[in-house]
Amino acid sequence: MSTNTRNQLESQYAGISLEGTPHALSAWFVVALRFLLGGMILFAGIGKVTGEPFDASGFLVHGVDPASPVSGLYAAMAGNAALMEIINVVVPATQLLIGVALIFGGFLRLAALGGALQMTLFYLGGWEGDVLALFDSTLIYAVLFLALAAFGAGRILGADRYIEQLRVGGQTLVETYPKLRYILG
């Protein structure tokens with residue numbers, strides 16, 4: 001196994017510079033994180049589809065802490081039957097799609113953003129208003145989803161590496177459609 005690395009992490013923001021050289025095994029851990037988060041959310045979706053009929057109103061009515069800044073909004077959502085029908089389909093469907101996308105590494109940034117958004121919405125519902133809420137698992141999951149997007153984890157042993165290289169009119173897909181760089185990676 002080679003321990004040589006060509007990777008360099010660098011960032012400068014608000015006058016603060018960060019830099020470092022990741023270990024050669026870092027790419028393997030990014031892939032492992034992608035598989036683990038993908039499996040976690042995929043099986044959450046599978047459980048909602050194959051288990052008891054999924055009903056988000058239980059969480060929206062009884063699972064939301066009264067101190068949460070979204071408690072009123074979530075209660076209003078639970079009171080709207082048409083909206084609940086949509087939510088009851090969208091939550092498991094997006095969990096299945098996000099899980100598959102992460103495992104295969106395709107459209108990873110879009111999937112990771114969806115996962116981070118879903119975890120943030122769960123986090124806000126359970127927020128009790130104290131400083132320890134910063135260490136809630138759903139918030140940590142949201143940050144991990146964003147980390148996968150930032151690392152371009154779909155390009156590491158993933159489908160995005162191949163999707164970006166597809167040729168369209170003599171150019172690669174991302175050269176022809178540069179905005180795809182925002183959802184692939």
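**Whole chain.** I kept in mind that this is a predicted model. I looked up the secondary structure and found 8 helices and 4 strands in the protein. Reading from the N terminus, I get the order β-β-α-α-α-α-α-α-α-β-β-α. I also checked the extent of the protein, and its C-alpha atoms fill a box of roughly 55 × 40 × 30 Å along the principal axes.

**Burial and contacts.** I looked up how much of the protein is buried, and the figure is 31% of its 185 residues. For contacts I took the pairs at least 6 apart in sequence, and 65% of those join residues at least 24 apart.

**Surface and charge.** I noted 9 positive and 12 negative side chains. The centres of those two sets sit 19 Å apart.

**Helix H5.** I then turned to H5, which covers residues 108–126 and has 19 residues. From first C-alpha to last, H5 reaches 27 Å, close to the 27 Å expected at 1.5 Å a residue.

Which residues of H5 are buried? I wrote down Leu108, Ala111, Ala112, Gly115, Ala116, Gln118, Met119, Tyr123 and Gly125.

What do the buried residues of H5 pack against? My list has helix H1 (26–50), helix H2 (57–63), helix H3 (71–78) and helix H4 (81–104). It also has helix H6 (137–151) and helix H7 (159–163).

How values were computed: Residues are numbered from 1 along each chain as its sequence is written. This is a predicted model: local features need pLDDT of at least 70, side-chain atom pairs count only at pLDDT 80 or more; totals for chains, interfaces and linings use all residues. Side-chain values use heavy atoms; hydrogens and water are left out. Helices (H or I, at least four residues) and strands (E, at least two) are DSSP runs, numbered from the N terminus. Buried means under 20% relative accessible area, exposed over 50%, partly exposed in between (1.4 Å probe, protein chains only). Contact means heavy atoms within 4.5 Å. Lys and Arg count as positive and Asp and Glu as negative; His and the chain ends are not counted. The place of a charge is taken as NZ of Lys, CZ of Arg, CG of Asp or CD of Glu. The expected span of a helix is 1.5 Å times one less than its number of residues.
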